[in-house]
Amino acid sequence: MVLHITPYSSACLHFLDGLSWSLVFPCYWFLDRLLASCVATSLEKRQRSQDPCSFLTLCVLISAPLYLLLLLASLPFALLGFIIWAPLQAIRQPYLYTYCRPDKHQAEQGQAGAGIGEWRPQGRSFCFCSANVCLLPDSLARFNNLSDTHRRAREVGKRIRNGASRPQIKIYIDSPTNTSISAASFSSLATGFRRTSSLDQRPDQTHTTNGPADTETEPATECPIHPSGATDCPVHPSVNDQGSAECPVHPDGADTTADCPLHQGGTKSSSDCPIHTSGEAADCPVHSTVAQSAPGHHDCPMHGDGTQPKPSTDCPLHTSGVQISISAPEPDPQEEEAETGNHRPGEHGGADTGSMTASRESLARYHGSDGGIGISSNNTLSHVPRTSIFKRPGRKRRHGDETFDHEISAFFPANLDFLALQEVFDHGSTTRLRHQLHRYFPYILSDVGRYGWKGCCSRFKFLNSGLMLASRYPILDARYECYPNGRGEDALAAKGALFAKVHVGTSHQEQRVVGYVTCTHLHAIEGDASVRCEQLDLLLQWGAEFRQSSSIPPEGEKVLEDLVAFDVILGDLNFDNCSSEDKLEQQHALFTQYKDPCRLGPGEDKPWALGTLLDPSGLYDEDVSSPESLQKLMENEEGRKEYLVFPPSKSQCPASSQKGRKIPLKGNGRRIDYILYSDEGLQQDWKLEIEEFSFVTQLAGLTDHLSVAMRLAVSTGEEEP
């Protein structure tokens, strides 16, 4: 189990590869720019139609002949470089493994990776995400109505990083009468709270405090202390009550409230209290001097500074079974260099992706307390100084007897553990994207695949596989396999499957707890169902071989057998579960070994399942220009029919645009991006349970796919000692 950290085994080969590419690159770049100048996006066409004599049109007329002239001049050097470069690809490593050691700032902010601490008896949950980012060379990306690949790569990395590291709010209510989870808007939370790591995984870390932020609050639609709707709640008294202005958090007449968790902005007036939005309260334990001396409240932020670990049952802020934790990122101190001249703000109608705004979709169900940082064993509001929390109806939905939450989210899931990307073809984009993702994911497999020929009968590969896998957990082993049966233009890319074994914990018996993650991208040409079925057969075969080979201990070593926590497949499979043309793939044995959370059976998805392929012709419309607007549109049936790709009808050409047409077929669009999981091969009594499934719109304007995410809970059947 050796991970390849360099493309070549020797420095000499690495030097020859760099030299040959430096000779080929000018010709490659001029050809790419020449083709790009001939293929315009819908946004560029719109700009040219509005101003035929625009500077953009003039640049195209001048640049195209110039690129052609320079291309012809660079051909001799490219030919020499190609003669050196092509043979080297036969001995090039199939992937590049990079590990970014977290700097001091990241370590302090809890962004140093998930860690591989002791495996908790009650298990753990893991979050997976798959996204097709369409980072082709610029000339090829334009056929999907996308341009400026390098800028998009950098922006994709920023959005994923900001989404995954955003504040996460989790409310777990242990009540026999109410087990709902309501969402809290981050706009109602004043920052200034301590950062905690994910409730599902908390490595040891140093906690710091965020700076000041907006203190906008909202009226409470439901009491966060009494979710069952108690009318006599002392936290929400009637408007006519009168209360004292003296705060129990500041006894003995303290003259400052700068650090008060209930008085944001440093005021002692109870009129500004985030708990009492409707008025003041005379008998409120928060604004009463009696509360200062109440026994049994010494560890409560409302009841002095003592250390008594057990709260009083009479405390209205310590109702039984209520646990709240908030994790929030610190702003990045070293933002990447300023955007180049190619990136004009607002050109693509995108929203501000650098902000750390969080959405109501950041809530996640947490099954069981681990007693770690961020949630205390006495059910208090832990690590939430200067924060007001109000509950509003959540956006997550369940359909019928569904056992997990599902949503359309404008943000990537908080505390994302594994990220699988497809179509990261462009070499320069790979470097930029990897640089951004390494600020959150310490372990990345990139530059996956091969170029050139492999054997005398194989087709030449101009592009690699386009696969990338990022992980917060250490990668123990990896393997790449190329599908040998590609046809047409798809055969020019080394599409295949990337398998990885990750270390997620260690049991009490010193056994490693591992997981298997597979990233793949299947044949794309419509009508080639037999090709995709053959690739699915190979996927299952290679996966079984990888799991078997990676579980064999090194010769001469005696180690305990690994405990397998999960086996997940992520990727773009290029077929859906509603098209009549894809019936062969829908009935493949893959779906007997792996489970699809969005699928009821062959040819039938669950009602809430959403198509993931966007209509390229509408990518720059104002209605889908930002993550929030695309999310809102996807929640509307007519919006989905307008901007998602549906299976073509007999009277409709598959290549034609369907924008504005009535789609006669059932379903919510073509869902070709999948996350599948298997519960075969797990330890006895171990169970997998889906906590939430999301369709993510945060990459709006940057790709023609929606991302998909899933949070999977692994329970061991044991109880916490």
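**Figure 1. A nonpolar patch on the surface of a predicted model.** A patch is built from residues with over 30% relative accessible area and no salt bridge; like charges are joined within 9 Å, and nonpolar side chains (Val, Leu, Ile, Met, Phe, Trp, Tyr) within 5 Å. Accessible areas come from the Shrake-Rupley method with a 1.4 Å probe, and for residues only the protein chains shown count as cover. In this view, L68, L72 and L75 form such a nonpolar patch on the surface, and together they have about 270 Å² of accessible area. This is a predicted model, in which local features need pLDDT of at least 70 and side-chain atom pairs count only at pLDDT 80 or more, while totals for chains, interfaces and linings use all residues. Residues are numbered from 1 along each chain as its sequence is written, and side-chain values use heavy atoms, with hydrogens and water left out.

Figure 2. Helices (H or I, at least four residues) and strands (E, at least two) are DSSP runs, numbered from the N terminus. L72 lies in helix α3, which covers residues 55–88. Is L72 buried or exposed? For these words, buried means under 20% relative accessible area, exposed means over 50%, and partly exposed is in between (1.4 Å probe, protein chains only). L72 is exposed, because its relative accessible area is 52%. L66 is also found in helix α3, and L66 counts as partly exposed because its relative accessible area is 45%.

**Figure 3. The whole protein, for orientation.** Let us step back for a moment. The protein has 12 helices and 17 strands. Of its 721 residues, 56% are buried. The accessible surface of the protein comes to about 31100 Å², and 55% of this belongs to carbon and sulfur atoms. A contact means heavy atoms within 4.5 Å. Among the contacts in the protein with a separation of 6 or more, 78% are between residues 24 or more positions apart.

Figure 4. A salt bridge is a side-chain nitrogen of Lys or Arg within 4 Å of a carboxyl oxygen of Asp or Glu. The structure holds 23 salt bridges. One of them joins R479 and E545, whose closest N and O atoms are 3.3 Å apart. This pair links distant parts of the chain, with R479 in strand β9 (residues 475–482) and E545 in helix α8 (residues 529–550), 66 residues apart. R479 is partly exposed because its relative accessible area is 22%, and E545 is partly exposed because its value is 32%.

**Figure 5. Salt bridges with buried partners.** R670 forms a salt bridge with D576, and their closest N and O atoms are 2.3 Å apart. The two sit in distant parts of the chain, 94 residues apart: R670 is in the loop between α12 (637–643) and β15 (673–678), and D576 is in the loop between β12 (563–572) and α9 (583–586). Both R670 and D576 are buried. The side chains of R711 and E692 also meet in a salt bridge, at 2.8 Å from N to O. Here R711 belongs to strand β17 (residues 707–715) and E692 to strand β16 (residues 687–696), 19 residues apart. R711 is buried because its relative accessible area is 2%, and E692 is buried because its relative accessible area is 6%.

**Figure 6. Two loop residues with positive phi.** Which loop holds N415? N415 is found in the loop between β5 (405–409) and β6 (418–424). The phi of N415 is positive, about 55 degrees, although N415 is not a glycine. N415 is buried, because its relative accessible area is 7%. E510, another residue other than glycine, has a positive phi near 65 degrees. E510 is found in the loop between β10 (496–506) and β11 (512–521). E510 counts as exposed because its relative accessibility is 62%.
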